[in-house]
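Student: I have a protein model open and I'd like to work through it with you. Can we take it step by step?

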Amino acid sequence: MNTKKLHKEWVTIFEKEFSKKYFQKINSEVKNCCTKELLCPKKENIFKAFEKTKFTDLKIVILGQDPYHGKDQANGLAFAVNENQNTPPSLRNIFTEIKNDLNYSPKTKKNLESWANQGVLLLNSSLTVRLGTANSHNNLGWDLFTNTILKEISLLKCKVVFILWGNYAQKKEVLIDFKKHLILKAPHPSPLSAYRGFFGCKHFSKANKFLKSNHLKEIIW
C-alpha cells in the first residue's frame with residue numbers, strides 16, 4: 001500500500017506491520033475489492049487519517065469501528081463523510097452534542113478535515129469495508145494493525161486524549177496507559193444509544209480543558 005503521503009513517524013510504525021502475514025491477507029482483500037470496485041473508502045484514502053494528522057501534532061484520538069459502507073460515503077476519517085453526502089445520524093448527533101456542550105455550532109465541515117488538521121486522529125478500527133456490507137472486513141486483521149497504532153501512540157506520546165464511544169471502542173482501553181493520557185468514555189453517538197449518555201457527555205469541552213491545562217492549543221470543534 002502507498003505510504004508516500006505519510007509522515008515519517010507513521011511510516012516507521014507501519015513498515016513493521018506491512019511485512020507480517022496478517023497484513024498480506026489485508027492487502028490481498030483490498031486488491032480484490034479494488035478490482036471489483038467494492039472498496040470503501042477508495043484505495044487512496046485508506047490511510048487518510050494518518051496523512052492529515054502528523055504524529056508530532058497528535059493531541060486527540062477519536063476511535064470508530066469501520067468505515068461507512070454506502071457508495072462514496074467513506075472518506076478515510078472515522079465518523080466523517082464526503083461533502084456531497086447526507087450527514088449520517090451518528091455525525092448529526094456528534095454535531096448536536098458539540099452545540100450543547102460548547103454553545104456554538106460546529107466549525108467543521110462534515111468531512112471533518114479541519115479536526116484532523118488540528119491534531120485529531122479520526123481512526124477506525126478497520127480501515128476498509130466492502131461496499132454495502134457493514135463490518136465485512138472486521139475479521140480481516142485490521143484490528144491487529146490499529147491496535148498496534150494505539151499502543152505505539154500510548155507508548156511514544158504523552159498527554160493524548162483518547163475518546164472511546166460505545167462498547168467496541170471501549171474494549172481498546174487496555175491498550176492505553178491511563179497514567180499518561182486522558183481516556184473519555186461514553187455510549188456511541190448512533191440513534192440507538194445516543195440518549196443513554198452520549199448526549200451530555202461533554203467530551204469536547206473536557207478534551208479542550210485537558211489540552212489547555214497541559215499548555216496545548218485547544219481544538220476548534
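This is a predicted model: local features need pLDDT of at least 70, side-chain atom pairs count only at pLDDT 80 or more; totals for chains, interfaces and linings use all residues.

Student: How many salt bridges does the rule give?

Tutor: Side chains of opposite charge can pair when their charged atoms come close. Counting by the rule, the number of salt bridges is 5.

Student: Which residue does R130 meet in a salt bridge, and what parts does the pair tie together?

Tutor: The partner is E29, with N to O at 3.0 Å. R130 belongs to strand β4 (residues 129-130) and E29 to helix α2 (residues 21-35), so the pair ties together parts 101 residues apart in sequence. Helices (H or I, at least four residues) and strands (E, at least two) are DSSP runs, numbered from the N terminus. So the names you want are E29 as the partner, and strand β4 and helix α2 as the parts.

Student: Is E29 buried or exposed?

Tutor: Buried means under 20% relative accessible area, exposed over 50%, and partly exposed in between (1.4 Å probe, protein chains only). R130, at 23% relative accessibility, counts as partly exposed. E29 has a relative accessible area of 18%, so E29 is buried.

Student: Which residues do salt bridges join into one network?

Tutor: Start with E113 and K48, whose side chains meet in a salt bridge (2.9 Å, N to O); E113 lies in helix α5 (residues 113-117) and K48 in helix α3 (residues 48-52), so this pair ties together parts 65 residues apart in sequence. E113 also forms a salt bridge with K52, with the closest N and O atoms 3.3 Å apart. That pair links distant parts of the chain too, since E113 is in helix α5 and K52 in helix α3, 61 residues apart. Through shared partners, the network joins K48, K52 and E113.

Student: What is the volume of the largest pocket?

Tutor: On a 1 Å grid over the protein atoms alone, a pocket is an open set of points where a 1.4 Å probe fits, with protein on both sides within 12 Å along at least five of seven lines; lining residues have an atom within 4 Å of a point. Grid points are joined across faces, edges and corners, and a volume is the space filled by probe spheres set on the points. For the largest pocket, that comes to about 460 Å³.

Student: Which element gives the largest share of the lining of the largest pocket?

Tutor: The lining has 30 residues, and those closest to the centre are D66, P67, Y68, F79 and H188. Two elements give two or more residues to it, α4 (89-102) and β3 (120-124). The largest share, 3 residues, comes from β3.

Student: Which residues is S90 in contact with, leaving aside its neighbours within four places in sequence?

Tutor: S90 is found in helix α4 and counts as buried at 11% relative accessibility. Contact means heavy atoms within 4.5 Å. With those neighbours set aside, the contacts of S90 are F79, H188, P189 and S190.

How values were computed
Residues are numbered from 1 along each chain as its sequence is written. Side-chain values use heavy atoms; hydrogens and water are left out. A salt bridge is a side-chain nitrogen of Lys or Arg within 4 Å of a carboxyl oxygen of Asp or Glu.
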